[in-house]
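Please open the structure in the viewer and keep the selection tool at hand. The stops below proceed from one selection to the next.

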Amino acid sequence: KEVKQALDDSRAVVIMNAHCIVTMANQAAHEMFGYSKNELRGKNVNMLIPAPFSEHHDMYVRNYINTGKDTILNKCTEFVALHRERYVFAVLLTVVKISGIGEDTMFMGTIEARPAEPDTAKAWVL
């Protein structure tokens with residue numbers, strides 16, 4: 001139900017497995033990140049996350065799979081994303097677990113671009 005609702009929405013939606021591999025991304029996600037249709041499928045979701053965050057992402061997911069302790073699930077978080085043209089932009093990110101246990105876990109991220117605030121600079125710190 002959550003997946004269908006998100007897909008009907010105008011937000012970007014990315015679904016990944018427990019190994020951080022994108023299994024599905026909607027058209028809004030491809031447009032937001034600058035990729036062609038199906039170009040994200042089969043790739044590590046880290047291609048959408050700038051360093052240094054991307055360097056730690058797989059470890060965070062692995063830690064969740066092994067311990068069940070999460071830090072980001074079911075919360076709307078202001079974050080930073082990486083466009084194909086290598087520039088970063090602010091987003092609101094919500095990640096939910098949609099199915100599975102352990103290695104069969106699937107996650108869905110919904111992403112909304114945040115408009116730039118005039119005369120404001122932002123820094124994201126790990």
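Begin by selecting E3 and E4, which pair in the antiparallel sense over seven bridges; strands (E, at least two residues) and helices (H or I, at least four) are DSSP runs numbered from the N terminus, and two strands pair if DSSP finds at least two bridges between them. Within this pair, select Leu82: its bridge partner in E4 is Val88.

The model is a predicted one, in which local features need pLDDT of at least 70 and side-chain atom pairs count only at pLDDT 80 or more, while totals for chains, interfaces and linings use all residues. Residues are numbered from 1 along each chain as its sequence is written, and side-chain values use heavy atoms, with hydrogens and water left out.

Axes here are lines fitted to C-alpha atoms, for helices over the stretch in contact (heavy atoms within 4.5 Å); angles run from 0 to 180 degrees between N-to-C directions.

**The cores**

Now select Val14, Phe33, Val45, Leu48, Phe107 and Ile111, the residues that touch the most other members of the largest nonpolar core, which has 28 residues. Such a core is a set of buried Ala, Val, Leu, Ile, Met, Phe, Trp, Tyr and Cys residues joined through side-chain atoms within 4.5 Å. Buried means under 20% relative accessible area, exposed over 50%, and partly exposed in between (1.4 Å probe, protein chains only). Among the elements giving two or more residues to this core are helix H2 (27-33) and helix H3 (53-67).

Keep Phe33 selected: leaving aside residues up to four places away in sequence, Phe33 touches Leu48, Ala81, Leu82, His83, Arg84, Phe89 and Ile111. A second, separate core of five residues includes Val13, Ile15, Met106 and Met108.

**Two loop residues**

Go to Gly102, in the loop between E4 and E5. Gly102 counts as partly exposed, at 24% relative accessibility. Not counting residues up to four places away in sequence, Gly102 touches Ala18 and Ile65.

Finally, select Asn26, in the loop between E2 and H2. At 10% relative accessibility, Asn26 counts as buried.
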